[in-house]
Amino acid sequence: MNTVNFHESTAVATAAAAAVVGAQELLLIPLSRLRPSSRNVRRSGGASIPELAASIARVGLLQNLTVVAAPDGEHYDVVAGRRRLAALKLLVKRRRLVKDHEVHCLLVCDDAARTVSLTENVQREAMSPIDELIAWKDLVAEGRPVEDIAADFGVTPLVVQRRLRLANVSPRLLADFEAQSVTMEQLMALAVTDDHAAQEAAFYESPPWQRSPEALRAHLTREEVDAGRDPVARFVGREAYEAAGGGVRRDLFADADDGVFLTDAGLLDSLVRDKLAPVVEQVRHEGWGWVDVAPRATHADLHQFQRARCTRRQPGKAEAKRIAKLEERQAQLQARLDDDEDMSDEEAQGLQDELDRLGGELDDIERTLSSWPPEVVAMAGAVVSLDHSGGVVVHRGLLRAEQAKALRVKESGDEHPAEDDGDPAPATPRLAISEKLVKRLSAHRTAALQAEVARHPHVALVALVHRLAQRVVLDDYRGSPLSITASAQDRLEQHAPDVAEAPAAVGMRQVRNAWAARLPSDSDALFAELLAMPQPELLSLLAVCVGISVTAIASREDEAPAALLARAVGLDMRQWWTPTAAGYFEHVSKAKALEAVQAFAPAEVGRLAKLRRAQIASEAERLASGTGWLPAMLCAQEVSGQEAQPGAEGSGVPLAAGEGVDREHEGDPAPST
């Protein structure tokens with residue numbers, strides 16, 4: 001439909017005036033005799049009737065209705081003012097008006113009905129958003145209470161407060177909003193503070209790509225604590241903080257449970273230490289040499305400590321049964337989280353809370369199974385901290401550098417001295433990711449391992465001879481990562497649908513196709529070809545064949561099939577696999593995704609915690625790009641130095657004439673979770 005221009009509007013107005021001149025009459029008509037007209041040109045609309053009714057009840061009907069006499073001689077048809085009529089009828093229904101309440105109406109001649117209706121709707125101009133905001137501000141400046149203003153317009157006081165907050169944004173930003181250089185969502189984010197200088201600095205000093213509402217809000221509240229997301233704030237409790245005199249800033253545009261920021265971080269720190277004091281005292285009574293409180297301790301903070309080795313007794317029959325039951329329940333819940341793509345955020349959070357509860361119970365059982373020698377307890381210490389959800393967590397058996405050294409000297413005469421690296425004794429791992437995701441990740445690891453073996457002919461030869469010697473010399477039929485029957489392990493897509501496009505799989509297909517094109521299909525001719533082939537090329541072909549036969553699919557996160565082979569070729573999954581939403585983050589819980597983000601983008605955890613699960617996955621993929629971050633199961637066994645023999649594998653021997661497996665480099669590594 002074409003827009004009505006100025007000349008057309010003027011013509012309509014002139015025609016309307018000519019049609020009704022001398023035929024208008026202002027009447028008081030009982031509401032019961034008024035009814036909507038089919039000649040009202042406005043077909044859509046009719047929203048916000050309750051709000052309009054409330055406004056009419058407070059300040060009266062400010063604009064008359066326009067009517068024509070109905071054919072029955074008793075009623076009047078409203079040709080302009082349908083919303084006003086509906087609001088008046090609603091007030092009658094609510095018994096705020098009597099049904100014969102008299103209404104001011106402009107009576108026009110019947111022939112002009114449609115023209116007058118069109119004129120009223122065309123010849124009007126809505127207030128600009130800025131004018132409206134300033135008008136709300138002026139009402140308050142006149143001394144009107146917010147509650148009265150809200151009642152006048154049939155809205156809640158929160159609506160009035162939000163408009164007043166927008167009206168208090170910097171005039172420069174409001175002008176740019178009117179010029180459409182600033183969006184309403186950006187204004188709402190900037191309104192979190194009344195400081196005009198801070199608002200302008202946050203917007204104008206940030207590059208355009210950092211002006212999203214989330215980024216602006218985070219910038220303005222960076223020195224404050226998000227009461228709904230911060231673990232320390234959740235542990236202390238907003239009520240206790242406010243009772244102690246702590247200041248609070250509220251984001252009026254946030255959801256009911258969000259947008260509360262605590263302005264006194266020092267007071268919050270004092271309160272959390274006071275609340276943790278009984279826990280600290282309880283841990284100190286366990287006999288540890290020292291106990292520190294670090295509510296916000298990070299992985300990096302704890303990494304500076306070495307961990308004393310503890311002994312773990314085997315669980316009793318009842319304990320083992322309980323552990324198995326809890327882990328089975330965990331697996332069921334994790335599978336539901338992974339497989340149900342239509343699950344609501346509320347349902348997912350409920351399952352995650354149950355997973356956290358089960359994990360806590362398993363931790364409690366594990367703690368009763370582990371113990372340290374008395375002399376170690378007297379020397380080592382513990383750190384009392386909080387996890388990401390605000391739960392208390394105690395890190396026991398920590399050794400400072402000088403304590404670890406003293407302990408090694410003391411144990412040097414023992415039958416089983418402590419390791420120099422101070423690594424903790426392996427604990428029974430708990431399920432962290434689902435079996436489905438484990439198989440998906442291990443499929444990518446298998447593809448990468450195949451490609452690496454294909455690049456290292458010497459290691460491939462060692463692996464092949466090792467397998468043959470096991471079978472025919474030593475009569476050893478234990479498992480091996482090689483399928484000596486020469487079956488290609490190339491059906492990895494059943495575990496990871498995206499593995500076919502992974503760099504390792506693409507490279508192996510190219511190499512395999514190149515050899516297939518070069519080698520004769522006839523068996524006798526193939527033997528002759530191989531017999532005449534130079535040894536380096538023959539070893540390259542051997543490496544490809546052995547590589548394709550490698551299988552390393554795991555079912556549990558703590559499994560590491562083909563670990564020795566991976567070490568021998570120096571497998572580094574950072575060169576072969578990149579964390580994506582579809583490949584990882586969409587398949588883990590919200591808490592697990594945030595745990596990963598804590599490792600490669602800790603400053604973003606607070607912002608992401610406010611998002612939905614799908615949004616977290618997308619943002620985590622973007623933030624992880626280029627960091628080299630890996631899930632624990634992809635990096636635990638692969639980062640040792642190259643143990644392969646020097647020679648062919650270090651000399652870049654081609655896998656086939658002119659062929660190689662390209663690898664995707666992802667940048668400098670970062671600690672994994």
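Figure 1. Of the contacts in the protein chain with a separation of 6 or more, 75% are made by residues 24 or more positions apart. The model is predicted. Its protein chain holds 673 residues, and 40% of them are buried. The accessible surface amounts to about 36,100 Å², and carbon and sulfur atoms contribute 52% of that area. In secondary structure, the protein chain comprises 29 helices and 14 strands.

**Figure 2. Open mixed sheet of five strands.** The strands follow the order β1-β5-β3-β4-β2, and their pairing is mixed. At the edges stand β1 (25-30) and β2 (34-36); each has a single partner strand, so one side of each is left without a neighbour in the sheet. From one strand to the next, the twist averages 50°.

**Figure 3. Antiparallel pairing of β3 with β4.** Strand β3 covers residues 65-69 and strand β4 covers residues 76-80. The two strands run antiparallel and are joined by four bridges. Within this pairing, Ala69 lies opposite Tyr76 in β4.

**Figure 4. Packing of helix α4 on the sheet.** Helix α4, formed by residues 113-122, packs on the sheet and touches both β3 and β4. The direction of helix α4 makes about 40° with that of β4.

Note on methods
Residues are numbered from 1 along each chain as its sequence is written. This is a predicted model: local features need pLDDT of at least 70, side-chain atom pairs count only at pLDDT 80 or more; totals for chains, interfaces and linings use all residues. Side-chain values use heavy atoms; hydrogens and water are left out. Buried means under 20% relative accessible area, exposed over 50%, partly exposed in between (1.4 Å probe, protein chains only). Contact means heavy atoms within 4.5 Å. Accessible areas come from the Shrake-Rupley method with a 1.4 Å probe; for residues, only the protein chains shown count as cover. Two strands pair if DSSP finds at least two bridges between them. Axes are lines fitted to C-alpha atoms, for helices over the stretch in contact, and angles run from 0 to 180 degrees between N-to-C directions.
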